[in-house]
Structures are given as C-alpha cells and as structure tokens.
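Subject: Handover of a structure, with notes

Dear colleague,

Please find the structure below, followed by an account of what was found in it. I would be grateful if you would read the two side by side.

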Amino acid sequence: HNMPKMTGTEVLLKLRADPRHEKLPVVVCTSDALFQRKADAGTAIGKPNGCLRKPIDLKKLTDLVTTLT
C-alpha cells in the first residue's frame with residue numbers, strides 16, 4: 001500500500017531538510033523497482049541510506065540496520 005497524504009520521498013526530503021534529522025540513517029522499504037535501483041546507485045531523491053524491496057526479508061533488514069548503527 002502507498003502511504004496516505006504524503007509519499008515516502010516527501011517524508012525523506014522533509015527529514016533531510018530538518019537539521020535535527022539530516023544525518024539520521026533512513027532505510028526505505030518499497031515495491032518500486034526503479035526507486036530501489038536509484039537508491040542502490042546513490043541517485044535516489046533524498047539519498048536513503050538503504051533500500052529494501054517488498055516483501056521485506058527480515059534477515060536483510062536486520063543486516064542493513066546493523067551496518068547503519
């Protein structure tokens with residue numbers, strides 16, 4: 001399902017624009033293959049620190065979060 005009222009990219013941009021959260025590691029969970037490819041290449045809007053494709057593999061999520069902390 002899509003997020004109500006605001007896209008994930010909009011949320012990410014708002015986080016990055018706020019000095020209190022600009023360095024917060026963010027992992028995006030998406031069903032959008034194009035966004036994932038851009039995130040993996042470092043060219044996605046908002047520059048997420050990681051991106052996982054739905055359905056989420058909990059082992060991959062755990063490994064990714066571990067590398068970001």
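A residue is called buried when its relative accessible area is under 20%, exposed when it is over 50%, and partly exposed in between, with a 1.4 Å probe and protein chains only. The model is a predicted one, so local features need pLDDT of at least 70 and side-chain atom pairs count only at pLDDT 80 or more, while totals for chains, interfaces and linings use all residues. Residues are numbered from 1 along each chain as its sequence is written, and side-chain values use heavy atoms, with hydrogens and water left out.

Backbone features

Lys5 is exposed, at 88% relative accessibility. Its place is in the segment before α1; here and below, helices (H or I, at least four residues) and strands (E, at least two) are DSSP runs, numbered from the N terminus. Lys5 is not a glycine, yet has a positive phi of about 75°. Lys47 likewise has a positive phi, of about 50°, without being a glycine. Lys47 belongs to the loop between α2 and β2 and is exposed, with a relative accessible area of 51%. The peptide bond between Lys54 and Pro55 is cis, with omega at about -5°. Pro55 sits in the loop between β2 (50-53) and α3 (58-68).

Arg16 is part of helix α1. Is Arg16 buried or exposed? Arg16 counts as buried because its relative accessible area is 19%, which is under the limit of 20%. Contact means heavy atoms within 4.5 Å. Leaving aside neighbours within four places in sequence, Arg16 is in contact with His21, Glu22, Leu24, Val26, Gly46, Lys47, Pro48 and Asn49. With Asn49 there is also a polar contact between the two side chains, at 3.0 Å. A polar contact is a pair of N or O atoms within 3.5 Å; within protein, one must be able to donate a hydrogen and the other to accept it, and residues adjacent in sequence count only if both atoms are side-chain atoms. The C-alpha atoms of Arg16 and Val26 are 9.7 Å apart, and the two residues are 10 residues apart along the chain.

Asp18 lies in the loop between α1 (8-17) and β1 (27-30). The relative accessible area of Asp18 is 18%, so this residue is buried. The side chains of Asp18 and Arg20 are joined by a polar contact of 2.6 Å.

Asp32 is found in the loop between β1 and α2 and is partly exposed, at 38% relative accessibility. A polar atom of the Asp32 side chain lies 3.0 Å from the backbone nitrogen of Leu34. Between the C-alpha atoms of Asp32 and Val11, which are 21 residues apart along the chain, the separation is 16 Å.

Gln36 is in helix α2 (residues 33-41). Gln36 counts as buried, at 18% relative accessibility. Beyond neighbours within four places in sequence, the contacts of Gln36 are Thr30, Cys51, Leu52 and Arg53.

Cysteines

A disulfide is a covalent bond between the sulfur atoms of two cysteines. With the criterion of two cysteine sulfur atoms within 2.5 Å, a search of the whole structure finds zero disulfides. Cys29 is in no disulfide, and its nearest cysteine sulfur, that of Cys51, is 7.7 Å away. Cys29 is partly exposed, at 34% relative accessibility, whereas Cys51 is buried, at 8%.

The largest pocket

The largest pocket has a volume of about 470 Å³. Grid points are joined across faces, edges and corners, and the volume is the space filled by probe spheres set on the points. The lining consists of 19 residues, of which Met3, Gly8, Val28, Cys29 and Thr30 lie nearest the centre of the pocket. The elements that give two or more residues to this lining are α1 and β1, and α1 supplies the largest share, five residues.

Yours sincerely

Conventions. 1 Å grid on protein atoms, 1.4 Å probe; cavity = no way out; pocket = protein on both sides within 12 Å on 5 of 7 lines; lining within 4 Å.
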